[in-house]
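My notes follow in the order I took them.

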Amino acid sequence: MTRSSIRFVRRGRVVQVDDFAPRTTLLDWLRIEQRLVGTKEGCGEGDCGACTVVLGRERDGKLVYEPVNACILLLGQIDGAKLITVEDLAPGAASGSKELHPVQAALVARHGSQCGFCTPGIVMSLFALYHEGVRPVTREAACDALAGNLCRCTGYRPIIDAALDVCAEPAADGSDARADATLAMLRRLDDAQDVFVGDEDAFFAAPASEESLAALLAEHPEATLLGGATDVGLWLTKALAPLRKFIWLGRVHGLGDIHDSPEVLALGATVSHARALEPLAAIDPDIGEVMRRFGSNQVRASGTVGGNIANGSPIGDLAPMLIVLGAHLELRGGSERRTLPLENFFLAYRKQDRRKGEFIRSLLVPKPGPGDHVRVFKVTKRFDEDISSLLMAMRVTIQGERIVMARVAFGGMAATPKRALAVETALLEQPVNDGASWAAAGEALASDFAPLDDHRASAAYRLQVGKNLIVKALAEIAGAPSSATRIIGHRETAHAAE
Ligand SMILES: Cc1cc2nc3c(=O)[nH]c(=O)nc-3n(C[C@H](O)[C@H](O)[C@H](O)COP(=O)(O)OP(=O)(O)OC[C@H]3O[C@@H](n4cnc5c(N)ncnc54)[C@H](O)[C@@H]3O)c2cc1C
Ligand code: FES
Ligand code: FES
């Protein structure tokens with residue numbers, strides 16, 4: 001069965017939209033078609049958070065609220081969700097009363113809004129934090145929750161103070177009382193039907209099964225697959241790419257599954273970064289730290305692990321980390337499935353080993369074994385919400401005092417995410433606590449890469465920082481406390497002690 005409309009919940013009612021241009025963003029639909037102009041447009045590329053709205057979805061039997069950037073989310077992607085915009089928060093808004101939502105009241109009390117342009121987005125990010133349910137909320141957690149919201153004039157102190165005030169007590173805005181009813185509505189919307197809005201020439205489709213997806217993709221191999229659209233959204237809003245056919249993977253049954261065993265973590269392609277964070281962090285705290293700094297809450301809520309790999313960016317964060325862990329990629333085209341080592345997927349700049357009609361099903365990530373030591377460092381110009389200038393990941397196996405296996409991979413050094421084979425060779429059979437061999441491994445980096453030279457970082461900078469990161473990782477593995485080698489992300493305070 002195929003449905004030719006999308007359906008979602010707003011203000012306790014089901015909204016059905018059956019006629020929209022496939023490339024319409026949620027923000028344009030809200031502002032231009034619905035005249036809901038509370039949600040603002042700043043950058044139009046997922047960076048500033050002015051357009052933040054919240055989506056409610058069912059996860060593990062519970063209703064969760066996640067902030068997303070409406071400017072780079074396509075309207076069709078809210079199918080099956082509850083949509084909450086800034087207009088929906090104040091309890092008396094519909095009746096003209098001036099009563100504010102607790103988050104709004106806290107911002108007023110703390111003078112957390114000056115020109116007000118960023119405020120609706122900040123309110124929505126704080127609304128999601130308010131409903132996350134974690135208490136107490138630390139200052140660090142409040143900062144993480146706001147990392148995707150820029151404010152140019154108020155200054156963040158009063159905004160963070162408002163966040164801490166309002167999250168000092170459990171959420172009490174009535175949403176929780178209505179959670180069961182909302183969940184029941186969302187379950188009724190989950191009808192396992194394929195969605196196809198448009199015609200053969202231009203459409204937004206959301207197949208419900210892998211079979212439907214494979215068949216649709218075989219028919220339209222030129223269609224653009226959408227995970228979270230945190231990359232594709234920018235092709236539309238910034239590059240004005242003339243795309244007309246979209247296949248969203250968010251409704252495909254099974255593609256969002258996570259299977260975690262003691263040996264392997266299997267992440268379905270549409271698992272969002274927000275959901276992947278915890279199981280990845282459990283593999284190694286450094287991976288958790290990179291995921292904490294991956295975009296923002298908004299980007300992590302929408303962006304998927306499959307999209308990050310499929311996009312093939314030389315500065316994508318997942319690839320180098322998963323390559324050193326020995327991850328494999330599972331692809332499907334028609335009824336045919338194949339699995340390949342992740343490192344073999346990246347052929348050349350933005351050229352991946354993905355055949356016509358194929359899609360990524362899952363990522364299979366082996367867990368480090370006894371004697372394995374992992375280190376990952378992401379280097380950016382800005383701490384929060386910034387793409388890597390370079391990222392180094394290392395896994396070495398130590399037996400006795402010797403390195404018996406070494407895998408080192410970099411993002412941002414070449415046209416693709418890539419292993420540093422000369423560095424690996426230089427490390428093999430070396431004593432782990434020998435500073436001279438650390439330096440020699442660092443020197444070998446020059447044989448592996450003639451680094452990228454662009455606006456993010458010069459080639460010389462990348463090479464020098466790459467060498468330094470190799471030495472830093474080895475010094476830590478040899479026993480130097482990370483409190484001596486790092487400003488943030490100390491491993492001594494993280495859960496996984498070595
Ligand atoms: C503000 C901002 C900050 C960001 N920060 C980071 C960061 O810190 N680190 C980082 O690595 N990236 C970052 N990104 C980039 C982006 O968020 C990631 O690459 C993200 O993982 C893309 O996933 P997606 O699901 O949104 O991909 P989409 O945009 O949906 O798709 C990306 C590409 O993958 C294809 N695709 C998607 N799913 C599949 C599939 N299952 N099979 C085959 N092809 C598929 C699409 O057709 C498209 O070509 C950032 C982006 C923004 C806007
Ligand atoms: S308008 Fe800036 S993130 Fe959407
Ligand atoms: S209040 Fe002006 S940008 Fe934040």
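**Helix H2 against helix H3**

I looked up which residues touch, and found that Pro102, Val103, Gln104 and Leu107 in H2 meet Thr119, Ile122, Val123, Leu126, Phe127 and Tyr130 in H3. Contact here means heavy atoms within 4.5 Å. Helices (H or I, at least four residues) and strands (E, at least two) are DSSP runs, numbered from the N terminus. I sorted the residues of this contact into eight nonpolar, two polar and no charged. Ala, Val, Leu, Ile, Met, Phe, Trp, Tyr, Cys and Pro count as nonpolar, Asp, Glu, Lys and Arg as charged, and the others, Gly among them, as polar.

The axes of H2 (residues 102-109) and H3 come within 9 Å and cross at roughly 120 degrees, which makes H2 oblique to H3. Axes are lines fitted to C-alpha atoms, for helices over the stretch in contact, and angles run from 0 to 180 degrees between N-to-C directions. Angles under 35 degrees count as roughly parallel, over 145 as roughly antiparallel, 65 to 115 as roughly perpendicular and the rest as oblique.

**Basis of the notes**

I am reading a predicted model, in which local features need pLDDT of at least 70 and side-chain atom pairs pLDDT 80 or more, while totals for chains, interfaces and linings use all residues. Residues are numbered from 1 along each chain as its sequence is written, chains are lettered from A and ligands numbered from 1 in the order written, and side-chain values use heavy atoms, without hydrogens and water.

**Helix H3 against helix H5**

For H3 (residues 119-130) and H5 (residues 156-166) I found axes that come within 10 Å and cross at roughly 30 degrees. The two are therefore roughly parallel to each other. Ile122, Leu126, Leu129 and Tyr130 of H3 make the contact with Ile159, Ala163 and Val166 of H5. Those residues divide into seven nonpolar, no polar and no charged.

**Domains**

The domain assignment, which is automatic or from a database, gives domain 1 (2-88 + 179-248), domain 2 (93-166), domain 3 (258-366) and domain 4 (372-493). I noted 25 Å between the C-alpha centres of domain 1 and domain 2. Their contact takes 17 residues from domain 1 and 14 residues from domain 2.

**Backbone**

Most residues other than glycine have a negative phi, and most peptide bonds are trans. I found a cis peptide bond between Arg135 and Pro136, with omega about -5 degrees. Pro136 lies in the loop between H3 and helix H4 (139-145). Arg35 has a positive phi, near 55 degrees, and lies in the loop between helix H1 (26-33) and strand S4 (52-59).
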